[in-house]
Amino acid sequence: MSKIAFITGITGQDGSYLAELLLEKNYEVHAIIRRSSVFTTARIDHIFDKHERLFCHHGDLTDSSNLRRLMTKIQPDEVYNLAAQSHVAVSFEVPEYTANADAIGSLRILEAIKFHGFEKITKFYQAGTSEMFGKVQEIPQSESTPFYPRSPYGVAKVYAHWITINYREAYNIFACNGILFNHESPRRGETFVTRKIVIALSKIKKGMQDRLYLGNLEAKRDWGHAKDYVEAMWKMLQKKTPNDYVIATGKQFSVKQFVNLVLKELKIKFIWKGKGINSKCFTLDGKCIVACDKEYYRPLEVDTLLGNSNKAKKELNWTAKTSITELVKDMVNSELKIIEKHES
């Protein structure tokens, strides 16, 4: 008999990759999708065409009664809570909604598991983030590193992290936290910096855009591929006992270095001039294609994030498979195909 999984946030990058993985493992997959007047299922439309074991229900993490109803109806073996207002900069603009969805949303799911007495049948995965470390207290960051969030998003995720541990210890729920460092893919949202860089530079290559504006070029991140990271989520829920894990590559690159990798993949020759906010990237014929704009700086910057996933390697037998050059190649090739499709 196949397992039943319940995914929140299936229309996002991670949700779509996780759904594919679980369906390949013969799961029956259920998901909640927020009702909208525009279609938001682009990342999973191709899955519907192939699988009859994917079922979507209208719902929202801000609606506890609906979550309880769905838990009763689905009675899942595994719940993956991936839904969130996950854009760090936007969280400064909508802090209350971010807290409601990202922090209290996790509590609502845990309460639904407890309310229905599913502690012995349902395992719970909470999607944490390296943004919880924020103003890092040590380098690299591991499961024991103290949190110091620098955004409403990070703060909300810290609450979700600790309420997951609280319900695990208080009610014996199989509940895990995955503290995932930055993970990207061709399915990344267009406003996230890696995808924004790839889109803009691909358009510049094609003569469709003149310049890319960015914020802090010196911010350093640990970037992996989302497809690798959803496998770690699944592995956490296959353990006999629940635990919390940092998931990361253990390698770090600045935003500027990411830009350089994309330019090289696009075969654009370039030179940088200036420092800090005055940094500019030029083509060899003198055209400025990348510049900084204060508008894209956060109210509080997170300067450096670097993960130590030794625990996941030891206990989950998980390591990142995709290098950053392979990630960039995947994202660039996908973007060029999208552009070519629109041109034809």
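Author: Gladly, and one term comes first: a polar contact is a pair of N or O atoms within 3.5 Å, where within protein one must be able to donate a hydrogen and the other to accept it, and residues adjacent in sequence count only if both atoms are side-chain atoms. This is a predicted model, where local features need pLDDT of at least 70, side-chain atom pairs count only at pLDDT 80 or more, and totals for chains, interfaces and linings use all residues. Residues are numbered from 1 along each chain as its sequence is written, and side-chain values use heavy atoms, with hydrogens and water left out.

Reader: With which side chain does the side chain of N81 make a polar contact?

Author: N81 is found in strand β4, residues 78-81; strands (E, at least two residues) and helices (H or I, at least four) are DSSP runs numbered from the N terminus. N81 counts as buried because its relative accessibility is 1%, where buried means under 20% relative accessible area, exposed over 50% and partly exposed in between (1.4 Å probe, protein chains only). At 2.7 Å, the polar partner of its side chain is the side chain of T8.

Reader: What span does helix α6 reach from its first C-alpha to its last?

Author: Helix α6 covers residues 152-171, which is 20 residues. The expected span of a helix is 1.5 Å times one less than its number of residues, and for α6 that expectation is 28 Å. Close to that expectation, α6 reaches 28 Å.

Reader: What is the phi of N172, and is N172 buried or exposed?

Author: Most residues other than glycine have a negative phi. N172, in the loop between α6 and β6, has a positive phi of about 60° although it is not a glycine. Because its relative accessibility is 64%, N172 counts as exposed.

Reader: Where is the peptide bond from I139 to P140, and what is its omega?

Author: P140 has its place in the loop between β5 and α6. The peptide bond from I139 to P140 is cis, with omega near -5°.
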